[in-house]
Amino acid sequence: MRTQVLIIGGGPSGLLLSQLLAKKGIDTVVLERKTRDYVLGRIRAGILETGFVELMRQAGVAERMDKECFVHDGTVIANGNTQFRIDFTEHTGTPVVVYGQTELTRDLYDAREAAGGKIIFEVGNVRIHDATTAYPYVTYEKDGRELTIHADYIAGCDGFHGVSRQSIPVDVRREYEKIYPFGWLGILSETPPVHHELIYSSSDRGFSLCSMRNDHLSRYYIQCSLSDSPNDWSDQLFWDELKRRIPEDYASKLETGPSIEKSIAPLRSFVTEPMRWGRLFLCGDAAHIVPPTGAKGLNTAASDIHYLYHGLVSEILDGDLEGIDRYSERALARIWKAERFSWWMTNLLHRFPDQSDFDVKMQSAELAFLQGNVQAQSTMAQNYVGLPY
Ligand code: RFL
Ligand code: PHB
């Protein structure tokens, strides 16, 4: 088989790229290790920058999102019982949008399938060959057979544990990593959100976040120990702990109920450089990870897709190499800023095991400064709604 752009990974990055390229008449094949149901079972991001929303519109897959999403003009930040609001729209002219990763991935799958897009599920042993030549190809296993696809370009959209990044020789790539000494325990519950906007909360007992998917589906997180397992946390324990970490006026009106999903995510900052090796381009989690505190994971994946999509279209349709030649440099310039913001928010709001009383005072002083300073709020808002592409 042969295609113009072979995409490894059928998560949001891979599907969005495939859908955008299809709109320009460029042929793609997507190889996905899991089933569609498995990919759609992963509960992940919930906040989209307007840049992402715009890309979904360009891809022709924004109809349901535009109807069902919730526009958020600001967020609440709390420190113990003190709370304040940062107004994104006032500071930047731009809100963010609440629309779950599960939903947008479903929309992308539906659109690809309706257009007859080629997505091959349950592939194994994917291997990239000859990426630095003009004739790269990929081998994989499906139903016990080994198959080959030749391509002009390969997009590595296969997440942090995928094969694409690992295919780049170790003497070519440089990796930067920070592992945080805690995780996030998250639950999804069919209860109304405690507040109509998100609440990021710092407390003596650790960080917590009140988020949502819609009017009757809430997503809550609490900072937890890396040695915890979701089974250690009954629903009752979770709700009791969350109530202790948010301001009392929210705790008293929090509606609790059975969790329909409960999982722990470790927190990590990670970047690999460069994001291109010959005709292989890394996108999204395959190239970088942020701690979820700034809601940037999926949004940085989208900006990669924006740069790669425009680069590939210019090369394939007009023979202009500039976009793909500068892909890695452009994508990384934006990613490092999102890494900084996510690292800053994580450091500001979490309790660290080795933190001194002085360190805690520094966090409180920074939160107080943010509360009282319009420029600091504007800086936060600009980063949260997303820096320009
Ligand atoms: P994904 O979503 O990981 O998709 C990669 C796809 O590639 C497939 N794959 C392979 N396919 C073929 N061959 C192989 N060898 C393959 N290896 C892997 C996988 O099955 C998968 O379908 O990466 P992508 O598309 O770059 O999208 C990135 C986002 O998913 C990610 O940045 C965010 O979800 C990060 N993230 C969060 N971001 C937020 O902004 N807010 C959140 O609340 C949030 N929560 C999370 C998260 C990531 C988590 N992970 C990675 C464990 C919670 C969790 C638990
Ligand atoms: C979510 O709703 O899952 C969510 C929202 C904001 C974050 C992280 C996760 O910073």
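A polar contact, as I use it here, is a pair of N or O atoms within 3.5 Å; within protein, one must be able to donate a hydrogen and the other to accept it, and residues adjacent in sequence count only if both atoms are side-chain atoms.

I am working on a predicted model, where local features need pLDDT of at least 70, side-chain atom pairs count only at pLDDT 80 or more, and totals for chains, interfaces and linings use all residues. Residues are numbered from 1 along each chain as its sequence is written, and side-chain values use heavy atoms, with hydrogens and water left out.

**Ligand 1**

I looked up its neighbours first. I found 28 residues around ligand 1, with Ser 13, Glu 32, Arg 42, Gln 101 and Asp 285 the closest (near: a heavy atom within 4 Å). The side chain of Asp 285 has an N or O atom 2.6 Å from a ligand 1 oxygen, and a polar side-chain atom of Tyr 221 lies 3.4 Å from an oxygen of ligand 1.

**Ligand 2**

Tyr 221 turned up again here: an N or O atom in its side chain is 2.6 Å from an oxygen of ligand 2. For Tyr 200, I read 2.7 Å from a polar side-chain atom to a ligand 2 oxygen; for Arg 213, 2.8 Å. The protein buries 97% of the 280 Å² that ligand 2 exposes when taken alone (Shrake-Rupley, 1.4 Å probe).

Where does ligand 2 lie relative to domain 1 and domain 2? I see that it lies between them, because domain 1 (2-71 + 96-177 + 268-346) and domain 2 (180-267 + 352-385) both give residues to its shell. Those bounds come from an automatic or database domain assignment.

Terms used: Chains are lettered from A and ligands numbered from 1 in the order in which they are written.
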